[in-house]
Amino acid sequence: MSSTLEYLRPRTLIEAWDLAASRPGARFIAGGTDLMVRMREGKVQAPALISLRHIRELTQIDVGPPLVLGAGVNVSDLQANRDVARVLPVLVEATRTLGSVQIRNAATIGGNLCNASPCADLAPPLLVHEARVRLESAAGMRELPLEDFFVGPRASVLAPGEVLRAILVDAPTTARAVFLKKGRVQMDIALGSVAVLLETKGLVCVRARVAVGSLGPTPMRLREVEKTLEGATLDDGTIALARQAAEQDVRPISDVRASADYRRHLAGALLERGVRALMNGGRT
Amino acid sequence: MADLRYVGKDLPRPDAADKVAGRAYYIHDLVRPGMLWGKIKFSEHASARIAHVDTSRAARLPGVRAVITGYDTPEVRIGFLRDNFALKRDRVRQFRDEVAAVAATHPDIAAEAIDLIRVEYEPLPGVFTPEDALAAGAPLVHERDADGRPVTTNLLPVTVKHRSGDLAAGERASKYIVEGEFSTPLIQQACMGTAGCIAEMDTRGNLTMWAKTQIPFLAQRDFIRALEAMGLPGRNARVIVPTLGGAFGTGLDTHAYEYIAILLAHRTGRPVKILYDREEEFANLSPRQSARTRIVQGCDADGHITFRRIEVVQDNGAYTSWGATYPTVMLIPATSLYKVQNVEFEAKIVYTNNTYAQAMRGYGNPEVTWPIECTLDQLAEEAGIDPLELRVRNKNEPGETTPMGLQVTTCGLGECLELAKKKLDWESKRGKQRHLRRGVGVASLVHVGGSGRIYRSDGGGIILKLDDFGNVNVSYGGVEMGQGLHAALTASVAEALGVRPEKVAINPTDTATCPWDVGTHASRGAFIACNAAIRASAKARKKIFALAAEVFADEVKKNLQALIKKSPSYAPPAYDVAAACRADGFELASGVLSLEGAPDEPWLKLDLGRVLRAIHFRGVAGQMVIEEAFYEPPSELPDWSKGVGNMSASYAYGVQAFEVEVDEDTGDVRILHAVSAHDVGRVLNPQALRGQVQGGLAQGVGYTLYEEVKTKDGRVLNPSFTDYKIPTVHEMAFPVDVCFVETNDPAGPFGAKGVGEPGLVPTAPAIASAIWDAVGVRIHDLPITPEKIVRALKEKKAKE
Amino acid sequence: MRVELSFTVNGEPAELRVEPDARLVDVLRDGLGLLGTKEGCGNGECGACTVIVNGRAVCSCLTPALEVEGVDVLTVEGLAGPGAELSDLQQAFVERGGIQCGFCTPGMVMSAHSLLQRNDSPSEGEIRNALTGNLCRCTGYAQIIESVQDAASRLRAKAGKGGGRG
């Protein structure tokens with residue numbers, strides 16, 4: 001028989017923290033697209049589930065600047081939000097590759113990030129914009145770079161009772177960004193995904209941010225690649241160097257989906273494709 | 001042939017409305033009074049001794065009504081080599097071996113009970129490739145056969161061999177020879193509706209099984225034998241087939257889970273349902289066999305095939321099911337795909353501790369068409385002949401007899417090749433788009449079109465029962481699994497009998513009420529059922545006409561009297577009804593009986609129901625119209641040791657051609673256009689036939705580009721849709737030209753051939769041929785993943 | 001420890017007691033006897049269990065039952081009109097060969113219905129996007145796409161709009 005004795009639906013964060021404090025071992029659940037699966041597989045057991053779906057404080061979107069996305073924002077809502085599309089188009093682009101309509105209708109941005117899978121589709125686009133996350137508990141609030149939020153496969157810095165409150169993007173820039181994901185079929189976990197952001201003056205790259213998913217233990221920035229791009233003229237030579245840096249900078253594993261070799265190769269291929277797309281006005 | 005009313009028309013399937021309304025009930029939906037839920041404990045090792053099984057904690061769990069193991073149940077042997085068991089004792093030989101089972105009042109309780117069963121194993125070395133299994137000193141998967149005789153090898157005592165012509169002469173006559181090794185992986189049928197059954201015993205030990213099966217009658221035989229092994233001789237087994245959520249070959253054998261359900265039903269005295277969840281379906285239901293093939297093929301300077309030598313080694317897995325008989329079907333492309341006189345074929349089947357494999361659509365044909373067509377593509381390249389032209393030069397023709405002894409009555413291969421060429425715009429594309437990394441490729445297929453005789457009877461029967469209202473209830477012992485059998489059968493009965501399709505209903509498949517049928521495989525459903533229906537309909541018409549001769553005149557007289565009463569001025573035409581009422585003077589069309597050549601007056605026509613009532617209620621002379629026919633196709637059971645015999649009544653040829661674009665950087669293959677042209681004999685229902693071909697093509701695309709059951713030391717690594725990828729709607733977003741060539745085969749019902757399987761037979765080599773045209777690499781091991789293409793391109797570049 | 005759940009399904013009120021971690025698919029099938037919704041994988045990967053909750057297509061195998069408290073749920077049983085008359089969409093599937101074994105059909109039709117509610121002139125690409133999460137092993141999808149396109153033009157015709165495929 002199931003070991004979950006309660007399903008709770010608080011209306012405010014304070015209620016949620018109170019419930020978490022009074023029920024040791026309770027898990028927060030948002031869209032449930034990941035947690036429901038893992039509970040069914042027996043990988044997660046929780047005496048109580050605390051649903052975050054009805055907490056208004058978590059679903060707010062404020063274009064700012066800074067852009068503030070409540071962690072509870074539904075992915076389909078995010079996909080349809082014109083303000084966010086104007087300010088952070090690459091994030092909206094990434095939502096299109098996340099699962100299916102059914103998954104997006106249930107999933108939340110926060111869930112995608114808190115799951116902390118190395119394959120999280122929404123992470124690379126946020127990383128190239130140097131997003132920050134706001135974590136909050138009954139004890140208080142803290143902010144840190146999204147990059148530091150992930151510590152390992154399915155591991156984040158979230159403490160028990162702590163909730164991812166919002167994602168902040170300080171200065172949605174005039175730089176352009178693109179997101180590429182390669183799966184085996186359309187609805188798939190990424191074999192590799194790459195987000196590239198470039199700010200250029202003429203043909204010279206003045207700022208580059210590159211982030212990947214499924215190519216290391218967490219979604220991560222590729223700083224070596226960024227170094228080869230920044231300050232350089234974006235010609236074939238630079239792109240070749242950046243590609244090489246990408247292949248070396250990633251830390252992929254071989255698993256049932258793909259070999260590490262192929263993933264390395266893919267990192268380079270997607271990086272090149274992303275850079276050239278941005279040079280072509282964002283068309284991949 | 002006279003104009004047909006219903007056959008060849010786009011009539012909606014009779015079962016479609018219920019399905020789309022959510023009113024079709026699959027095994028998942030069925031419940032029996034007092035039913036318990038069964039669940040199975042599977043082995044945690046690929047090869048081990050079972051040291052101890054402790055079921056005590058499970059048995060004490062509230063809600064558990066029975067816990068069984070191989071130690072407390074009679075031994076029930078399964079499979080045509082009887083090397084499998086319902087529950088395993090002493091040894092496990094694969095990860096999915098069934099070690100224990102429970103029946104409980106709720107599925108959650110059953111699942112919890114399974115976790116409470118403790119099994120201690122002593123791991124043993126296992127073998128996981130045929131090569132390892134055949135190496136000297138390899139551990140034996142089975143030490144004794146079903147009769148207790150010692151076994152000394154992992155090689156199965158099942159041989160299929162063929163040799164015809166003069167291989168040496170063929171080699172000498174070759175200007176070009178290509179040799180290669182090819183492989184196909186384990187592929188899962190991946191039906192959307194998972195496997196399951198309900199077993200129920202009555203108070204006398206007779207069994208009723210609701211089974212997700214394609215072989216209700218062979219299953220009945222198997223279950224009767226199981227009842228005998230359980231100490232219940234002389235009992236009957238009734239197999240009822242509910243609406244099937246797909247099958248694709250999964251239902252061609254009986255499964256351990258079915259026998260376990262029977263044992264649990266017997267133990268508890270209650271109906272027991274076992275249903276596989278998706279993970280169990282992927283990990284514990286038999287996929288199609290993997291095969292490794294070595295082939296040598298040659299041609300002369302003009303591209304005529306001179307000889308073909310094929311050696312296949314198959315991984316049987318730990319037990320034997322129909323996968324071991326794939327070579328019987330592999331012989332078909334080996335000997336009869338294109339004209340070839342000198343052929344040698346041999347297949348070896350080897351036990352390993354991998355998951356045992358069984359049937360899937362195509363049944364060995366795709367596995368061998370793959371190396372044949374790939375090497376033919378290479379021969380074309382070497383000979384400097386366009387690959388499609390090479391196929392045309394070697395095409396099979398009507399009237400030929402192939403080295404296997406297949407008598408090709410009708411053959412539309414030539415027309416199919418022409419259609420592929422035209423629809424794909426072949427001539428302007430092949431060899432001309434490399435700069436775009438685009439290419440076109442082609443491959444052909446031959447498969448049985450008039451069933452495939454692999455058992456002493458390849459027949460099937462039909463019962464037509466007409467009632468007082470002109471309704472026709474049809475009983476057929478094969479199954480509708482989504483392929484459109486019921487649509488074809490409805491149209492055939494309506495056509496052959498002369499009634500409207502709305503008046504025809506197909507009864508559920510039930511061994512208690514339907515005539516025997518060997519099973520729905522080999523694309524035989526419509527071929528057999530409709531042929532039997534035509535014969536039964538002829539009998540029914542004969543009876544109706546003979547009896548109508550006795551009642552028709554009286555009935556129309558009543559009509560005339562009523563008419564004159566209403567319209568006294570009506571003057572009937574001069575016509576001697578009584579004289580015309582002879583058994584050979586009637587016509588029955590759209591459910592209306594009339595006299596041939598009679599004036600076209602409504603009072604001279606009778607609704608069939610009225611005639612049947614008149615026949616029924618004639619006091620002591622009353623009769624029913626219930627007719628049956630058993631159809632046995634004109635084919636032979638081959639001599640498998642020689643690989644010779646005309647195993648089908650007709651042969652279905654076809655061609656697939658693809659245009660692809662290859663992304664050299666990521667290795668992605670994007671399909672731009674496909675043509676699937678088939679010699680179908682006759683189209684019974686255009687919509688259903690298109691659906692079969694498009695569905696087959698999608699499965700073909702899947703196994704060509706990404707489908708593979710991955711295992712490591714016998715464990716399935718990807719038991720879910722997360723990592724066993726089948727095409728989504730996006731992967732099929734390219735235009736598909738489905739073309740039918742009607743060759744009107746004399747053996748077929750209205751000239752039709754079976755086309756259930758051909759859709760996936762030539763897909764892989766056709767796509768591979770297009771990839772070669774696009775970027776100049778050939779992959780021999782399916783699936784052709786992006787990774788393999790990238791690696792091949794790197795190797796190619798390194799050589800240049 | 002079961003708790004109360006009340007919601008609306010196919011326009012009718014439903015009240016029952018459920019386990020706290022019950023899934024919507026089980027409540028619909030076992031609790032309410034609405035067997036039209038099928039479970040194909042339990043992981044949200046095949047879409048056979050698709051229903052519409054508050055106007056959005058979701059996988060009922062991933063939806064905690066208690067999340068539909070007070071909410072409208074539409075299942076395949078709710079598509080037909082009075083007298084069990086098939087909807088235009090359902091009729092299109094029947095007439096255009098969009099159904100073979102039928103196991104994926106209820107989920108497929110719910111996803112299509114959800115699309116057509118928002119957009120009665122979907123492009124082929126939009127139809128494919130809407131159906132990405134619905135796997136079919138039998139049809140190869142071609143006649144499914146045709147069925148949805150046919151349904152869309154029937155709906156447009158009823159609304160008095162012209163033809164064309166958007």
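B:Lys212 counts as buried, because 28 C-beta neighbours lie inside 10 Å and the cut-off for a buried residue is 20 or more. The residue belongs to a predicted model. B:Lys212 is placed in the loop that links strand 12 (207–211) to helix 6 (216–229) of chain B.

**The surroundings of B:Lys212**

- Once neighbours within four places in sequence are set aside, the residues in contact with B:Lys212 are B:Ile27, B:Ala195, B:Gly196, B:Cys197, B:Leu244 and B:Gly251.
- B:Ile240 stands 28 residues from B:Lys212 in sequence, and the C-alpha atoms of the two are 8.8 Å apart in space.

**A helix pair in chain B**

- Helix 9 (residues 326–336) of chain B packs against helix 10 (residues 365–383) of chain B at an angle of about 35°, and the two axes are 8 Å apart.
- On the side of helix 9 of chain B, the contact is made by B:Tyr326, B:Val329, B:Met330, B:Ile332, B:Pro333 and B:Ala334.
- On the side of helix 10 of chain B, the contact is made by B:Asn365, B:Glu367, B:Val368, B:Thr369 and B:Ile372.
- By class, the residues in this contact of helix 9 with helix 10 of chain B are eight nonpolar, two polar and one charged.

**Backbone features in loops**

- Most residues other than glycine have a negative phi, and most peptide bonds are trans.
- B:Asp713 has a positive phi, near 50°, although the residue is not a glycine.
- The position of B:Asp713 is in the loop between strand 29 (711–712) and strand 30 (715–716) of chain B.
- B:Phe750 is buried, because 24 other C-beta atoms lie within 10 Å.
- The peptide bond that joins B:Leu782 to B:Pro783 is cis, with omega near -5°.
- B:Pro783 is located in the loop between helix 18 (763–775) and helix 19 (786–799) of chain B.
- In chain A, the bond from A:Pro65 to A:Pro66 is also a cis peptide bond, with omega near -5°.
- A:Pro66 is part of the loop between strand 4 (61–62) and strand 5 (67–70) of chain A.

**The build of chain A**

- Chain A contains 12 helices and 14 strands.
- Its division gives domain 1 (6–51), domain 2 (56–169) and domain 3 (176–279) of chain A.
- A distance of 36 Å separates the C-alpha centres of domain 1 and domain 3 of chain A.
- Along the principal axes, the C-alpha atoms of chain A fill a box of roughly 60 × 45 × 30 Å.
- The radius of gyration of chain A is 19 Å, which agrees with the value near 19 Å for a compact globule of 284 residues.
- In chain A, 52% of the 284 residues count as buried.
- Among contacts in chain A with a separation of 6 or more, 61% join residues 24 or more positions apart.

**The two domains of chain C**

- Chain C is divided into domain 1 (3–78) and domain 2 (82–158).
- The C-alpha centres of these two domains of chain C are 21 Å apart.
- Their contact takes 13 residues from domain 1 of chain C and 11 residues from domain 2 of chain C.
- Strand 3 (residues 50–53) of chain C gives the largest share of the domain 1 side, with three residues.
- The domain 1 side of this contact in chain C has seven nonpolar, five polar and one charged residues.

- Between chain B and chain C, the contact takes 44 residues from chain B and 41 residues from chain C.
- Helix 17 of chain B gives the most to the side of chain B that touches chain C, with eight residues.
- The side of chain B that touches chain C holds 22 nonpolar, 16 polar and six charged residues.
- Between chain A and chain C, 25 residues of chain A are in contact with 22 residues of chain C.
- Helix 6 of chain A supplies five residues, the largest share of the side of chain A that touches chain C.
- The side of chain A that touches chain C consists of 10 nonpolar, 11 polar and four charged residues.

How values were computed: Residues numbered from 1 in each chain as written. Chains lettered and ligands numbered in written order. Predicted model: local features only at pLDDT ≥ 70, side-chain atom pairs only at ≥ 80, totals over all residues. Contact = placed C-beta atoms within 7 Å. Helix = DSSP H or I, 4+ residues; strand = E, 2+ residues; numbered from the N terminus. Nonpolar A, V, L, I, M, F, W, Y, C, P; charged D, E, K, R; others polar. Domains from an automatic or database assignment. Rg over C-alpha atoms; globule rule 2.2 N^0.38 Å. Buried ≥ 20, exposed ≤ 12 C-beta atoms within 10 Å, placed from the backbone. Axes fitted to C-alpha atoms, helices over the stretch in contact; angles between N-to-C directions.
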